[in-house]
4 protein chains.
Amino acid sequence: MDEETARRIRRSFASQTMMATLGAEVTEIAPGRVCVRAPISPGALQQQGFGHAGLTFAIGDSAAGYAALTMLPPEMDVVTSELKINLLAPARGDYLLATGSVVKAGRRLCVVTAEVHAVTGETRKQVALLQGTVVPVPKGDG
Amino acid sequence: MDEETARRIRRSFASQTMMATLGAEVTEIAPGRVCVRAPISPGALQQQGFGHAGLTFAIGDSAAGYAALTMLPPEMDVVTSELKINLLAPARGDYLLATGSVVKAGRRLCVVTAEVHAVTGETRKQVALLQGTVVPVPKGDG
Amino acid sequence: MDEETARRIRRSFASQTMMATLGAEVTEIAPGRVCVRAPISPGALQQQGFGHAGLTFAIGDSAAGYAALTMLPPEMDVVTSELKINLLAPARGDYLLATGSVVKAGRRLCVVTAEVHAVTGETRKQVALLQGTVVPVPKGDG
Amino acid sequence: MDEETARRIRRSFASQTMMATLGAEVTEIAPGRVCVRAPISPGALQQQGFGHAGLTFAIGDSAAGYAALTMLPPEMDVVTSELKINLLAPARGDYLLATGSVVKAGRRLCVVTAEVHAVTGETRKQVALLQGTVVPVPKGDG
């Protein structure tokens, strides 16, 4: 994938203040695939002390959306239209790693998925699976 | 609804550090219905400057989960099993208000929905609709 | 709602051979709302003898799609982009009745819901809730 | 996988009269994976002449549910709790092939996916992706 697309995604990610609030960062950008990592920080927990579903969803959403963006022309942005998450296990560990993938990159709609794993040392456990739709829009046409 | 259930929900909500991070608060608790409100704060935006889908999802999830909890015996907690969100409009305005409702309160599974509105002065605009499943679990059995 | 829209929907429904196979019929057409009814016939069951989820889904899908069509200009058709179903109770009774509704009628995307009830004599029991997206397309542009 | 599980699944499938109505058959049973094939028959079409979403959903649902059943003890059955489908392309071709897979086989809930492809001669095109939850229940406890 060209370096300009990766730069474009990093710039867009950096402008998502929610990602900074969650301490999330992009760790991989490849054609049709983007990884986003976030700590399970003290300020992102649910009532049982595990990572909040909102944290898992947020980084899964970003990873999936940017995965779609890798397949689109430079003048396009994406907005999430709909997204479903199945939570598989409590989000506990050193950090969460979301891997977004593209199932179909269409002109009007892109279908995407994301897997979220909790990583503890060398072990990874899948905590969520997401499936949904992002819509390509011209940049600045939120 | 009895006051003890409302107290229980407020206590549980207060222990969700993610809600504090987002500045969210419970504004209504009624049988089968809970409202959660959050600012669209500078730290909760996506790349176009609107509220992040992760914010909308997080308060919709909490509102829906606690709506289910109003229908369950005091010794139970809930965990989200799966949740789908359709985003209807950009999240912009003074604040977001999520209203969670119970469609079916089962012993093993509760089906819930949540509507999220963006409120600006006197006007409300629906920005999201969520539908999903929460699972009753004994307290402390995360 | 104008009579031409109702005629258009009945014509389109009549061309869905799956609806005939299931014995389904349109029972109501109103702005943003369409009802579809189907028997729980001997050929539409799952392994426990209740109506198959495929039956419930199929009439929910049709009701929701045509509900969207009531809000669109005459030259448009719709295709389902995505749809989620939560099954609430076994589909048993005299017949199923799906009521499709429009949450948001957009130019590019319509967000829809459908409730499906099992009807037995005078009693109705909700057996499913659906939420999803249909896409307006020019007629003949499947 | 043991032969008894395969027999059990074929027996259960045979008792789903909806599958016979659709002309569907099981073509593969392996641990965590079941394939179901159905013709795009004249009686299973939507208004544009493609396979109806109800057909695609029905065989995806069956494939996913039986995939979960391969992971469960012999005295268990499954019921679908919720299922989401994204439709990727019109269902046209010689036949549809649904491949169900298990993401997580839990005691209380199983998370499953299914891919549905349209097959035309030697070529396969993915027409749908499903993700959802099936619930293990004791046999006869519909």
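This is a predicted model: local features need pLDDT of at least 70, side-chain atom pairs count only at pLDDT 80 or more; totals for chains, interfaces and linings use all residues.
Trainee: Which residues of H1(A) are exposed?

Mentor: Glu3(A), Glu4(A), Arg7(A) and Arg11(A) are exposed.

Trainee: And which residues of H1(A) are buried?

Mentor: Arg8(A), Ile9(A), Ser12(A) and Phe13(A). They sit on the same side of H1(A), because they cover an arc of only 130° around the axis. The exposed set lies on the other side.

Trainee: How many residues does helix H1 have, and what does it span?

Mentor: H1 of chain A runs over residues 3–14, which is 12 residues. From first C-alpha to last it reaches 16 Å.

Trainee: Now the whole chain. How many helices and strands does chain A have?

Mentor: Chain A has 3 helices and 6 strands. Read from the N terminus, the order is α-α-β-β-α-β-β-β-β. The radius of gyration is 14 Å, close to the 14 Å from the globule rule for 142 residues, so chain A is as compact as a globular protein of that length.

Trainee: What box do the C-alpha atoms of chain A fill?

Mentor: Roughly 40 × 30 × 25 Å along the principal axes. Of the 142 residues, 57% count as buried. Check contact order too. Among contacts in chain A with a separation of 6 or more, 68% join residues 24 or more positions apart.

Trainee: Next, the copies. What rotation superposes chain D on chain C?

Mentor: One of 180°, with 0.0 Å of shift along its axis and an RMSD of 0.0 Å. The two copies are therefore related as by a two-fold rotation axis. In chain D, the C-alpha of Lys84(D) is nearest the axis, 2.0 Å from it.

Trainee: How is the size of an interface often given?

Mentor: Often as the accessible area lost when the parts come together. 32 residues of chain D are in contact with 32 residues of chain C.

Trainee: Which elements of chain D supply at least two residues each to the side that touches chain C?

Mentor: H2 (17–21), H3 (53–69) and S3 (76–87). S3(D) gives the largest share, 8 residues. By class, that side of chain D has 14 nonpolar, 15 polar and 3 charged residues.

Trainee: Through what surface do the copies meet?

Mentor: Through the same surface, because 100% of the interface residues of chain D are also interface residues in chain C.

Key: Residues are numbered from 1 along each chain as its sequence is written. Chains are lettered from A and ligands numbered from 1 in the order in which they are written. Helices (H or I, at least four residues) and strands (E, at least two) are DSSP runs, numbered from the N terminus. The expected span of a helix is 1.5 Å times one less than its number of residues. A residue is buried if 20 or more other C-beta atoms lie within 10 Å of its own, exposed if 12 or fewer, and partly exposed in between; C-beta atoms are placed from the backbone. The arc is that of the directions from the helix axis to the C-beta atoms. The radius of gyration is taken over C-alpha atoms; the globule rule is 2.2 Å times the number of residues to the power 0.38. Two residues are in contact if their C-beta atoms, placed from the backbone, lie within 7 Å. Copies are superposed by least squares on the C-alpha atoms of residues with pLDDT of at least 70 in both. Ala, Val, Leu, Ile, Met, Phe, Trp, Tyr, Cys and Pro count as nonpolar, Asp, Glu, Lys and Arg as charged, and the others, Gly among them, as polar.
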